[in-house]
Amino acid sequence: MSSSPANSDWGRSSGEQSSVPGRRCLCRRCGRRSDRSAAIERAALIACRREKSLDPNALTCDYPPMSHNTRQRRLAALRACDQILSGIRPPTMRDRLADMDAGGDLDDQPDFYGDGPVNTLEERVADLLGTEAAVFFPTGTMAQQVALRYGAERTGHPTVALHPIGHLEVDERHAYAHLSGLRSTWPTTAPRNPTAEEITALAEPVSTVVIELPLRDAGFVLPGWDELVAVSAAARAIGARVHFDGARIWESTPHLAHTLSEIADLAHSTYVSFYKTIGGISGAALAGTTELASYARIWRHRYGGEVFQQWPAALTALAGLARELPRIPEYVRHARTVAAALTALPGARVYPEPPHTHRFRLWLPHPAQALNDAALALAEQEKVWFVAGWQETAVPGMAMTEITVATPALEWTTEDITEIGERFLSHALDS
């Protein structure tokens with residue numbers, strides 16, 4: 001169990017390196033050095049991967065970053081493909097306008113500081129999660145800061161229990177420390193969410209226990225339902241609030257075998273994202289009690305999130321909820337088929353096996369550049385998008401990527417994956 005004091009770089013002691021722009025990077029692949037524990041180095045490396053790479057699914061540091069021309073070439077190739085195994089065809093702005101039309105009546109009035117379609121979206125989320133209220137935020141980072149601040153003020157404890165590779169530590173630049181003066185403690189550094197026993201064993205009082213569902217940087221892993229129930233009970237038993245970092249909670253229901261409202265009922269507050277999984281253009285919501293919602297609206301304004309009009313984000317979110325939520329169980333079922341087929345490729349490994357959601361990780365024993373070149377060649381020559389976004393790992397010659405099974409992948413059979421996978425690897429060997 002580790003902890004980090006607030007009001008210092010990375011929310012940790014002043015003797016450690018900082019992720020503040022202009023200071024030294026923490027990624028060892030970039031030639032930077034760090035004496036901290038493996039868990040801290042891993043969190044720093046993940047942050048560096050995301051910051052340096054232009055690939056939104058980057059898993060390892062792509063330094064220097066992918067050139068603009070290369071990125072545009074890949075996007076153009078992907079858009080032109082007739083078959084896509086991992087991911088979706090990149091939407092255009094015209095596609096986004098069609099989403100807005102599907103999300104509501106464009107002849108209605110737009111929102112004015114959060115009414116109209118934004119209010120409709122908030123009511124929809126509260127209904128889905130079974131909470132008293134939900135509040136729209138322009139970003140998930142802002143929503144999470146409000147949730148942690150609320151917990152600290154209500155309990156009087158400035159410490160929050162987090163995972164070192166969770167969003168709050170890796171992707172949000174330790175905003176909880178820099179903006180709210182909070183500090184973190186880590187119940188575990190294992191690549192999974194903490195157990196009830198680890199919560200009970202915390203050495204100091206905490207205001208909030210944060211559970212990320214699923215834990216993305218561990219491979220989109222989820223606990224079992226009984227484990228999640230036990231963690232929630234353990235947190236409450238020590239006087240802590242339970243907050244679900246549910247950016248991708250939408251895709252967690254099949255594995256947990258419970259509804260969104262049953263899952264959210266285990267927490268005092270839940271954050272959801274509208275551009276992850278459901279495909280909105282931006283935005284998030286914080287769901288919980290009416291008291292939390294009133295507090296959240298005040299602090300949303302103080303943080304600069306009281307935006308004049310946000311109807312485009314609200315309408316695309318409403319369209320995404322209607323379109324994608326019914327499809328998620330099928331995505332997850334087919335992800336298991338896709339994962340099993342990919343493991344038949346020479347030297348392939350997937351994790352978790354079987355996948356907990358419709359996303360999982362894939363490793364192949366080839367250089368990342370060769371695999372990325374192979375994906376592009378296959379796309380340009382055959383209009384088939386197999387798997388891209390490959391990044392080097394700590395194991396020489398072994399590359400890793402993330403697979404996302406969505407609507408385009410549903411057309412792929414085991415035989416398709418085997419046959420096209422062989423052609424993909426043939427291109428990689430020729431690179």
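Reply: Start with arginine 327 and glutamate 324, whose side chains meet in a salt bridge at 3.4 Å, N to O. A salt bridge here is a side-chain nitrogen of Lys or Arg within 4 Å of a carboxyl oxygen of Asp or Glu. Arginine 327 is partly exposed because its relative accessible area is 32%, while glutamate 324 has 9% and so counts as buried. The cut-offs are under 20% relative accessible area for buried, over 50% for exposed and partly exposed in between, with a 1.4 Å probe and protein chains only.

Some ground rules: the model is predicted, so local features need pLDDT of at least 70 and side-chain atom pairs count only at pLDDT 80 or more, whereas totals for chains, interfaces and linings use all residues. Residues are numbered from 1 along each chain as its sequence is written, and side-chain values use heavy atoms, with hydrogens and water left out.

By the salt-bridge rule, the count is 21. One of them joins glutamate 380 to arginine 73, at 2.8 Å from N to O. That one links distant parts of the chain: glutamate 380 is in helix α15 (residues 368-382) and arginine 73 in helix α2 (residues 68-80), 307 residues apart. Helices (H or I, at least four residues) and strands (E, at least two) are DSSP runs, numbered from the N terminus. Both partners are partly exposed, glutamate 380 because its relative accessible area is 40% and arginine 73 because its value is 45%.

Now try glutamate 122 and arginine 300, whose side chains also meet in a salt bridge, at 3.9 Å, N to O. Here too, distant parts of the chain are linked: helix α4 (residues 117-129) holds glutamate 122, helix α12 (residues 290-302) holds arginine 300, and 178 residues separate the two. Both glutamate 122 and arginine 300 are buried.

For charges outside such pairs, look at the surface, where Asp101, Asp105, Asp107 and Asp108 form a patch of negative charge. Patch members have over 30% relative accessible area and no salt bridge; like charges are joined within 9 Å, nonpolar side chains (Val, Leu, Ile, Met, Phe, Trp, Tyr) within 5 Å. Of that group, aspartate 101 sits in helix α3 (residues 93-103) and counts as partly exposed because its relative accessibility is 48%.

Next, a strand. All 5 of the 5 residues of β3 (residues 133-137) are buried, so the rest of the structure largely encloses this strand. Ala133, Val135 and Phe137 point one way, Ala134 and Phe136 the other. Strand β3 runs antiparallel to β9 (residues 284-288), with 5 bridges between them; pairing takes at least two bridges found by DSSP. Phenylalanine 137 has alanine 284 as its bridge partner in β9.

Finally, the backbone. The loop between β10 (349-351) and β11 (359-364) holds proline 352, joined to tyrosine 351 by a cis peptide bond with omega about -5°. Proline 354 is in the loop between β10 and β11 as well, and its bond to glutamate 353 is cis too, with omega about 0°. Threonine 277 has a positive phi, near 75°, despite not being glycine. Threonine 277 is in the loop between β8 (269-273) and β9, and is buried because its relative accessible area is 12%.

Notes. Areas by Shrake-Rupley, 256 points an atom, 1.4 Å probe, with all protein chains shown as cover. Lys, Arg positive; Asp, Glu negative; His and termini not counted. Charge placed at Lys NZ, Arg CZ, Asp CG, Glu CD.
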